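Here is a short briefing on one helix and on the salt bridges. Keep the structure open while you read.

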Amino acid sequence: LVDAMVCWKVTPDIISWSTAVDACARDSWRRSLCLFDAIERATAIPNCVSFSSAICACQAGCQWELASHFLAERMPLNAVVPDLLIFNPAIGACEGSGCWQAAVTILSKMEEVRVHPNQNSYHAAMAACGRDGMWQRALHLLETMTSRGITPNEVSHTVAMGALEESGQWQKVLGLLHSLWTQSLSLDTICFNAAISACEQAGQWHMALQLLREMRQGRLDPDVISYSTAISACE
């Protein structure tokens, strides 16, 4: 449509450009970023919305370096102040790449510019730490949420459990599962599956079976993953 506007000698404004960048962000991140570059060539001025769409494209393509480049260089050049809708997908780009250092750096940057992180900000950073085996850092972020006035929910604990699971920390996974119980937070199949998987990786077959029993006692229906992982633990 932007190309058609040019052919019809209609000059696209920043709203048109931003809409085009956003439309391509998830299905074709390269095309989205090319459109963003065309904004400046067309002498339009990128705004917060267009930068947000561009960084969402970076997230879709797991392009954490490009996302960091936008934050550190291109946004200041255009006098655009990042907000939550820009920071969160930037951390998401780091999550997809497993670059925990960049994720934690961006999270710290949010506080420097007085943009308050939310649960999603921490979840993405914790997941990035988990992908890179930094389970200690993931747990630290979980604890930091509370000190920053952000209440961890079931998803927060599940993400932390995933980080522990990937590093074989089955006992700590069980500790988090118990923490969910004591805090009266909902225990779902995903939480138990993460715990069963951690036990399977550590060869703790008896504990994997115990978790299956606890699921049924808690009126949770084990799914295919629950049973197959427990069976694998017994092999």
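**Helix α13**

Helix α13 covers residues 205–217, and its 13 residues should span 18 Å at 1.5 Å a residue; the end C-alpha atoms are 19 Å apart, which agrees. The expected span is 1.5 Å times one less than the number of residues. Helices are DSSP runs (H or I, at least four residues), numbered from the N terminus. This is a predicted model: local features need pLDDT of at least 70, side-chain atom pairs count only at pLDDT 80 or more, and totals for chains, interfaces and linings use all residues. Residues are numbered from 1 along each chain as its sequence is written, and side-chain values use heavy atoms, without hydrogens and water.

**Packing of α13**

- Ala208, Leu211, Leu212 and Met215 are buried in α13 (under 20% relative accessible area; exposed is over 50%, partly exposed in between; 1.4 Å probe, protein chains only).
- The buried residues of α13 fall within an arc of 100 degrees seen down its axis, so they line one face of the helix. The arc is taken from the directions from the helix axis to the C-beta atoms.
- These buried residues pack against α11, α12 and α14 (contact: heavy atoms within 4.5 Å).

**Salt bridges**

- The structure holds three salt bridges (a Lys or Arg side-chain nitrogen within 4 Å of an Asp or Glu carboxyl oxygen).
- Asp37 pairs with Arg74 at 3.0 Å. Asp37 lies in α3 and Arg74 in α5, so the pair ties together parts 37 residues apart in sequence.
- Arg74 is buried at 16%, while Asp37 is partly exposed at 28%.
- Lys109 and Glu112 meet at 3.9 Å. Both lie in α7, three residues apart.

Note on methods: Helix = DSSP H or I, 4+ residues; strand = E, 2+ residues; numbered from the N terminus.
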